[in-house]
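Let's take a friendly walk through this model, starting with its aromatic rings and ending with its sheet.

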Amino acid sequence: MNHARPKARLSRALGIPLTAKCVRYVERRPYPPGVHGRQRRKTSDYQVRLLEKQRLRHQYNVSETQLRRAFDEAARGTGKTGERLVALLERRLDAVVHRAGLARSIYQARQLVAHGHITVDGRKVDRPSYRLSPGQVVGVRERSRERLPFQLAAAGAQRGEGPGQPYLSVDLTGLRATLLREPARDEVPVICDEQLVVEFYSR
C-alpha cells in the first residue's frame, strides 16, 4: 500500500520512526510536522485512540479496510482482542519477510512479495496479505536469489540488531524462514498500545 506522505513526515506525525532512515528525523525534530507542530495542543480521548490505531496501521503498512477486517476477526476469537489482532497482523507474509531480515523495511517486503520473488512452501505467493500458519516455510525464488536485496539479506545486512523473533526460525544463508508458532504480544517489536486500538473500534 503506497502512501503519498513522505515517510519522515509521517513518522513525525505518528511520533515513531517507520524506517531506519526515519530515526534521525524523529530524534532531530520530535514533534509533528507543519508550522504548528511545536505548539502544544489539547488532545481528546478520541485523538489518543486514533493515533494508536494509525501507529499500528502504518507499522504494518495496511489499509484501513484491512486493519478493520483483522480487528473483526480478532474480536471473534478467544483471548485478548488486542493481542490477537497483533498476532494476526504479524503472520502476514510481508511482515514475516521483514522480521526474518529478507527485507530492510515493511515497504520493501511488500514490494518483494508483490513482484513475485517470495515463495511459501515452495510455491510463489504474490499477496502481501497472505497469512501464514505455523510450520509454513517462506523462501526466495531461485531466479531471484542473485538480486541485490537478497544478497544483502544473505549477508545479514538487513537483520535487526536484536536477537530476532523466537517464533521464527531463520536461515539467512539459505534465504528461508519458518513460522514456528503464533507470535506472543511481548515478542512482537511493534510500538503500540493495542488496547487503545480495541477501544477505538469498540466505541
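Y46 is partly exposed, at 42% relative accessible area; here buried means under 20%, exposed over 50% and partly exposed in between, with a 1.4 Å probe and protein chains only. F200, by contrast, is buried at 6%, and Y201 counts as buried at 7%.

This is a predicted model: local features need pLDDT of at least 70, side-chain atom pairs count only at pLDDT 80 or more, and totals for chains, interfaces and linings use all residues. Residues are numbered from 1 along each chain as its sequence is written, and side-chain values use heavy atoms, leaving out hydrogens and water.

## How the rings meet

Rings of Phe, Tyr and Trp (its six-membered ring) pair if their centres lie within 6.5 Å; planes under 30 degrees apart are stacked, over 60 edge-to-face and the rest tilted. The count comes to 3 aromatic pairs. Y46 and F200 make a tilted one, 5.8 Å centre to centre with 40° between the planes. This pair joins helix α3 (residues 45–59) to helix α9 (residues 194–201), across 154 residues; helices (H or I, at least four residues) and strands (E, at least two) are DSSP runs, numbered from the N terminus.

F200 and Y201 have ring centres 5.3 Å apart and planes at 80°, so they are edge-to-face. Y46, F71, F200 and Y201 form one aromatic cluster.

## The sheet

Five strands form an open antiparallel sheet in the order β2-β1-β3-β5-β4; strands pair if DSSP finds at least two bridges between them. β2 (123–124) and β4 (168–171) stand at the edges, each with a single partner strand, so one side of each lacks a neighbour in the sheet.
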